[in-house]
Amino acid sequence: MGKVHRHRKVRTRTLDEGLERPFTLHRHRATYLAEKLESHSRRRGDQLTRLQKLALLRFHDDQVYDLRDHTKYNDSEVLKAYVDLFDELFFFGTLSSPCTFQFIGGREKGKFGAVEYEYKVVGKDLSGDLLRLPPLREKRCKLILYDRLPEENTRYKRLRGYMGTLLHEMIHAFFKLWACDYDGCSSTWDGIGQRSSEHGRAWQDVAYALENAVRDEKLLNLDLKLNRAAALALEVIVEGRAIHKDDLLDWKLDEDEVKSQLDYIRIWGYRKLRS
């Protein structure tokens with residue numbers, strides 16, 4: 001947009017101590033945030049922060065995290081608990097304050113999940129851009145999951161499907177809150193990606209790292225799928241770029257699966273995969 005702007009960085013000690021609101025709204029480079037999330041997701045044992053350790057203790061002690069059939073909690077209660085768990089394990093606890101969670105019963109055609117945002121606009125600056133009140137008190141995001149999984153699924157499979165979508169959307173929410181929102185800065189292939197998709201390299205790097213993290217037996221031992229192949233196919237179409245084999249190798253994605261998703265989008269349209 002031609003404006004001179006500076007990106008902020010956060011001290012590692014600030015993140016380690018789990019201080020509230022370590023990031024500043026729209027002031028961080030997307031690639032920088034991705035690096036922080038990736039390295040944070042690889043912490044284990046003594047390297048875990050206090051916030052991560054407390055989250056894991058709760059995960060092992062509280063029955064709400066048990067995905068088997070005999071527990072008393074409904075799907076919405078379980079998913080809300082996992083929002084907080086994922087936030088504290090992977091997102092530095094930065095999503096709980098600005099974000100709310102909503103599980104919508106009844107199937108919404110073409111949707112798995114979404115993130116909605118609210119701004120308080122107070123006017124325009126000299127260049128005509130909207131002025132929004134800072135900081136988190138005036139911006140909210142809503143994490144939404146749609147009930148659209150087959151009823152014949154077992155409780156474990158059903159919730160695992162929901163949680164893959166949930167983690168997918170939480171990555172979107174994190175970037176939307178804290179990444180620089182200038183088009184020429186974050187809305188690029190190496191950043192978040194185009195606004196009509198937002199599955200660029202930064203998003204893919206984090207999604208791959210978090211899939212590995214939740215699958216680790218030393219952490220959560222959950223085999224979640226974040227729909228990365230479809231997300232890459234969507235971004236490739238929106239960007240008008242080719243699939244690069246180096247990217248597939250970096251993210252351990254199967255080329256045939258990505259091409260299959262490309263064919264699906266071209267036939268049925270991308271809105272069915274915007275999740």
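**View 1. The largest nonpolar core of the predicted model.** This core comprises 62 residues, and those with the most contacts inside it are Y82, F86, F90, F91, F175 and L220. At least two core residues come from each of helix 2 (30–41), helix 3 (50–61), helix 4 (75–90), strand 1 (99–104), strand 5 (139–146), helix 5 and helix 7 (201–215). Helix 5 makes the greatest contribution to this core, supplying twelve residues.

**View 2. Helix 5, spanning residues 155–178.** With 24 residues at 1.5 Å a residue, helix 5 should span 34 Å, and the distance between its end C-alpha atoms, 34 Å, agrees with that expectation. Because 19 of its 24 residues are buried, helix 5 is largely enclosed by the rest of the structure.

**View 3. Surroundings of L220 in the largest nonpolar core.** When residues up to four places away in sequence are not counted, L220 touches L56, F59, L85, F86, L89 and V214. Among these neighbours, F86 is also listed, together with L220 itself, as one of the residues with the most contacts inside the core.

**View 4. A nonpolar patch on the surface.** The patch is formed by Y264, I267 and W268, which together have about 360 Å² of accessible area. W268 lies in helix 10, which covers residues 255–268. Its relative accessibility is 54%, and because the cut-off for an exposed residue is over 50%, W268 counts as exposed.

Conventions:
Residues numbered from 1 in each chain as written. Predicted model: local features only at pLDDT ≥ 70, side-chain atom pairs only at ≥ 80, totals over all residues. Heavy atoms only, no water. Helix = DSSP H or I, 4+ residues; strand = E, 2+ residues; numbered from the N terminus. Expected span 1.5 Å × (residues − 1). Buried < 20%, exposed > 50% of the residue type's maximum accessible area, 1.4 Å probe, protein only. Core = buried A, V, L, I, M, F, W, Y, C linked by side-chain atoms within 4.5 Å. Contact = heavy atoms within 4.5 Å. Patch = residues over 30% accessible without salt bridge, like charges linked within 9 Å, V, L, I, M, F, W, Y side chains within 5 Å. Areas by Shrake-Rupley, 256 points an atom, 1.4 Å probe, with all protein chains shown as cover. Salt bridge = Lys/Arg side-chain N within 4 Å of Asp/Glu carboxyl O.
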